[in-house]
Amino acid sequence: MPETWQEIAARKQRERADRIPSLWKLPPAHIPAESRTNVLSVPRECGLLSEQELNITENYDASALVSALSSGKLKAVDVTTAFCKRAAIAHQLTNCLTEIFFDDAIARAKQLDDGLAKSGSPTGPLHGLPISLKDTFKVKGYDASIGAAALCFKPANTNSALVDLLLQQGAVLYCKTNIPLTLAALDSHNNVFGRTLNPANKALTAGGSSGGEGALVAMRGSPLGIGTDVGGSIRIPAMCNGLVGVKPSHGRVPYAGQEAGSLPGSSKLGIEATAGPIARTVRDCELLLRVVGDASPWLFDPDVLPHPWTQQLPLRPHPSSRSPTTQPLRIGIVRSDGHTLPLPPIATLMDEISHHLRTTALPSSCQHQPIEVINLDLSPLGPKCLKTFNAIISLDGATYWFDLLAQTAEPLSPWLQTRLKRRPPKSLDQVRELKAQISALQTEFLKVFREDGGYWIPSSSSSPPSSTHPSPAKGKRTPRTLDLILTPPAPHPVPPIDKWNTTNYTSLFNLLDVPAGVLPVRPLSPQDLQAEFPPGLPEPLNGWDKINRELWTQGGKRGRGVWMGGMLSVQVVAPRLMERRLVEGMRVLEGVLGGLGRKGEKGVVGSKL
């Protein structure tokens, strides 16, 4: 008789538990009480990590580790062991791991050390760096079950394209991380592995669908994680865990060979998912994107453009350029998507960011002087993007998932049970019409970056109109253009478990296929919890807007205490395929917005690694 899904899940969880060495199991005295909501400091308190392991996992980011490893200052086996141990501890506290291959990782690290000792040269620019992966990535010999019982105990016989590239560049892969069932929920829960918890406040969501990566990196159990994103699945966990996360445009980072929860070829008919980094610093995300870009990624995935990192457009010309710019760094501010209005703490944060950018000088080393802030109105575009995204995200009417779950009679996760229904698949004409809508919306979005595009709010600039420059040829005024756009990643702070509302603040940039990243700014404060909607607020725009307001109003001020522990973040957006401009701009903003972060706690922008 075939195994039930419950029996498969139990066997899978035993396999996972058996792969954690007994000496790395938390002693009973250090297993936190259920009432303890913040577990970030348990790895330091529990006594399982040596001083060297604490130093490695707490005082180096990925960029510093690569430098120390390639020079021989640190040994790959020591670094790998430290992060394997800390990942094991993080998992026992947050349930963040799915597949564990610590033994393989330590063996590879020893090989890398031996190779460095013999040749004197590191194995690639990621020599010895431990990197964790979302469960969707295939690693030869291990499952890519994505939390579905029917896919368990079916190990991959090939690697995903990015896995092969990372190994070629010297990385050490040591674990995979948890996701939600169907990859379409904003809380990382499935019936096989269970729910991932937010280590800063276990009552808040860790996000999804790369929620396991978010929790693991937040616990310093990984110096650099790789997630995937088709509607916010890198940026939402980054926001939920106070981290930096970057979603590239399609065609920058190899994605081929994933277990994507759909039939092969489906992505070509809908929205292409992309792979990208989750880390503690912008420079670590830039490290990953730069290494991938310069590793001939088009030889691993035919969808990737043959366009090395050095050939991508930077934020500003190199100092040696013949045409250095003294133009301001021009940033657009979007406060609402026009469909779901932001809650008071989010509105306050965007006001703070706008004011800070207008009044803070860039460092003298930056060629952009000063910052020019432009208010934008995306309300005509946001609702259209949401409507099209919702129509195209499930072209098969969820048939693949319902058929997969039926193989073991596995139910949907509770959050999905009232939201996901089997529907008729879209017809060819319907798919063609949706693709036409996407093309039209992408074309329209190009206007947002232009002064004459109709989306700039008049008289919103922090600089006078004379800051525009005449055309050298005709003496005519050239319309100004934006370098970057800032917008909230969500209309609410990090919410309680299973309370995430709309994804439109992130998914619209998947639909538009532009690169976007999330940057933590400051913690949610007690003062934020006192904020109310302004008087005279009109009726909710729609059902989503009504639910969003109720997140804040139900239970009154006393009920808002559960939100504490969350981080307030901002989303940064660049034009399509301008990932280099995006991360270089994020590095500038990381420094400029550090003044806001320093008002809060350790672990935010401008804080210690």
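Biologist: Is Ser 209 buried or exposed?

Modeller: In this predicted model, Ser 209 has 2% relative accessibility and therefore counts as buried, where buried means under 20% relative accessible area, exposed means over 50%, and partly exposed lies in between, with a 1.4 Å probe and protein chains only. Because the model is predicted, local features need pLDDT of at least 70 and side-chain atom pairs count only at pLDDT 80 or more, while totals for chains, interfaces and linings use all residues. Residues are numbered from 1 along each chain as its sequence is written, and side-chain values use heavy atoms, with hydrogens and water left out.

Biologist: Where is Ser 209 found?

Modeller: Ser 209 lies in the loop between strand E5 (194-195) and helix H8 (211-218); helices (H or I, at least four residues) and strands (E, at least two) are DSSP runs, numbered from the N terminus.

Biologist: What does UniProt list for "active site"?

Modeller: The unreviewed UniProt entry lists Lys 134, Ser 209 and Ser 233, with positions given in the numbering used here, feature names shortened, and annotations that may be inferred rather than shown by experiment. They span 100 residues in sequence, yet no two of their C-alpha atoms are more than 10.5 Å apart, so they gather at one spot.

Biologist: And which side chain does that of Ser 209 join in a polar contact of 2.6 Å?

Modeller: That partner is the side chain of Lys 134; a polar contact is a pair of N or O atoms within 3.5 Å, where, within protein, one must be able to donate a hydrogen and the other to accept it, and residues adjacent in sequence count only if both atoms are side-chain atoms. Lys 134 itself sits in strand E2 and, at 1% relative accessibility, counts as buried. Leaving aside neighbours within four places in sequence, the residues in contact with Lys 134 (heavy atoms within 4.5 Å) include Glu 213, Thr 228 and Ser 233.

Biologist: Switching to helix H7, which residues are buried there?

Modeller: In H7 (residues 161-168), the buried residues are Ala 161, Leu 162, Val 163, Leu 165 and Leu 166. What covers them includes strand E2 (130-134), strand E8 (274-279) and helix H10 (282-293), and H7 is followed by Gly 170, whose phi is positive, near 100 degrees.

Biologist: Last one, how many disulfides does the structure hold?

Modeller: The structure holds zero disulfides, a disulfide being a pair of cysteine sulfur atoms within 2.5 Å. For Cys 96, the nearest cysteine sulfur is that of Cys 175, 7.3 Å away.
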